[in-house]
Amino acid sequence: MNKKFANIILPATLALTLGVSTAVYAAPQSNPNGPYIEDNQNISLSSYMSNAELSKKLQQLEASANGKMKLEIAGYSNLSPDGYQTETEKGEPIYLVKFGDSNPNKKRILITAQIHGNEQIGAETAMDIIQKLSSNGKEVEEILDNVSIWIMPRINPEGADNLYEGTWYPTRYTHQTWLPENIGLPTDTVAPWYYNSDGSERAQNNDGRVVYGIPGYDQNRDYNPNLDFRVENQDLNEVASFLNSRATNNSRFGGFYVTAEARTVTSVFKEFRPDVYVDVHHRGFNTVSDVDNRSVPVQFAAAVADPYTDPFTGQQYEVDEEVLTLAKQVNALSALTLQKGNSHFGAVQKYPDVNLPGTALGAFALNDASIMLIEIKGQSQTLGQKQSGMLKETVTQPLMAVFKGLADRSVYDVDTTIYDEIPEASNSISDPTTRDF
Ligand SMILES: [Zn+2]
C-alpha cells in the first residue's frame, strides 16, 4: 500500500528561460562570479574525506541507523583482470550503502558518485543523503516504505585519495597498468583508448598539465551495454584486433570492463536492477544565456547513449520508450525542485548531447534503467570547497524530491515537456582544468 504525499505543484510552464537583465555580459562574468583558483596551493579542501575517513563515517552512520541502513563492501579497487590478485593487494574497498533490498514490488534507485576521483562534492552529497535517510522521521519512513535506495558514494577510491608530491591530489583516473599479457593478449596489444598511460591531469598551473605518474583508466568509459562482456571470456584474437584498430578502439563503442571498479558497480546494478540510476559528476562553468548571467549550478541529462549494436555479438540495445519517459520525468522533477524565485538554484541547463555507450549511465540506460546525469559546477581543483554548501543542495534537494515522487508514484505524472524545455548547455566559461562527464 502506498502512502500518498501531498501532490507536487507543477507550474504550467516553467520559467527556466526567464531573462533577468537586458545587459549582455561577456564571459567570464557570471553571478556568482568565479572564483577560479589559480594555484593548487590555495585551494581550501578542509572537508575532503580520505578513504579511511569515508569508511569511518559510513560505519558510524550504520551504527546509528537502527538497522535501517546496511553497509557492504561491493568489491575492491584492485581485483582487476590484469593483476593484483593477492589478498593483501586487494586495494581500496568500494562501499555500497543499502536502504531496502532488491524487492521488485518496491521502486528501486541506485546512486553512484565520484566515478572520477577529482569530483569530490558528489561523494560529500552522497554522504549527506545517506545521513538524511538514516535519520528518523515521517518523511524518510514514507520514502523507505516504498522505495529501495542503494548508494555507492565513492566508486573511484584510488583517484579520490591520490597523492602527488606528498599532498592530496585527487585524479579523474583509476590506478591500474595496462598489462595485456596478463589477460592473454599479445604484449603489444594497444590499450583501450581511455587509458591514461603517464598518469597526468589537466591543470591550471604547470603549463596546463600535471604528471603524477600513476597510470589508470577513465572508469566512466570502461562500461559496456553488454554487461557480461569480459575480455577473458572473449575470443582473444578478436579482442586484440579490435583494440589494435583505431576504427574500433574509440568512444563510439562500449568499454572493455578492465577495471575492477566498473565490474563491481555493474555487479551491483545486475543484482539490484534499479528503475532509476543516477550518477553524480562535476563539470565546468556556464552562464544561462547572453541575457541571464546567473552561474549554472548544475546540468542534468536523461539520455547519453544512442541505440547500440554490440560489435562482438551483434546484439542490439536501445532505450525503451517507457524508460526514457521516466528518465525525463525524474530530470524534470529535479529541475522543478530547484526553481526558487529567480535564485541561481534555478539556473539549470541540460548537459550537451553525447553518445557514450561506455559510460555507466549509457550502458545502464541501454539495460532498462531510467537515468539522470547530474553535473555539478566546478571541479575540486578549481572551486575547492567554495560554494560547496550550495552545490550540495542542488543535488540533495532534487534527489529527495525524486525519492518522494517514486514513493507516491507522482513522478509518473510529471510532464516530460518540462524536461524538453530545460535550456540547452551554452555560454561556457573557459577554464583549462575542467573536463566533464
Ligand atoms: Zn565526471
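## Strands and how they pair

Two strands count as paired if DSSP finds at least two bridges between them. Strands (E, at least two residues) and helices (H or I, at least four residues) are DSSP runs, numbered from the N terminus. What you are looking at is a predicted model, in which local features need pLDDT of at least 70, side-chain atom pairs count only at pLDDT 80 or more, and totals for chains, interfaces and linings use all residues. Residues are numbered from 1 along each chain as its sequence is written.

Let's start with an open sheet of eight strands, whose order is 1-2-4-3-11-18-14-17 and whose pairing is mixed. At its edges are strand 1 (69–76) and strand 17 (349–350), each of which pairs on one side only.

## A look at strand 4

Which strands pair with strand 4? Strand 2 (residues 93–99) runs antiparallel to strand 4 and is joined to it by three bridges. Here Lys98 stands opposite Trp150, and Phe99 has Ile149 as its bridge partner. Strand 3 (residues 107–113) pairs with strand 4 in the parallel sense, over six bridges, and Leu110 of that region also stands opposite Trp150.

## Helices on the move across the picture

Helix 6 (residues 260–272) lies across strands 1, 2, 3 and 4, at about 135° to strand 1. Angles run from 0 to 180 degrees between N-to-C directions, and axes are lines fitted to C-alpha atoms, for helices over the stretch in contact. Contact means C-beta atoms, placed from the backbone, within 7 Å.Elsewhere, the axes of helix 7 (residues 321–337) and helix 10 (residues 388–407) come within 8 Å and cross at roughly 130°. That makes helix 7 oblique to helix 10 (under 35 degrees is roughly parallel, over 145 roughly antiparallel, 65 to 115 roughly perpendicular and the rest oblique). Val330, Leu333, Ser334 and Thr337 of helix 7 meet Gln397, Pro398, Ala401, Val402 and Gly405 of helix 10 in this contact.

Note on methods. Contact = placed C-beta atoms within 7 Å.
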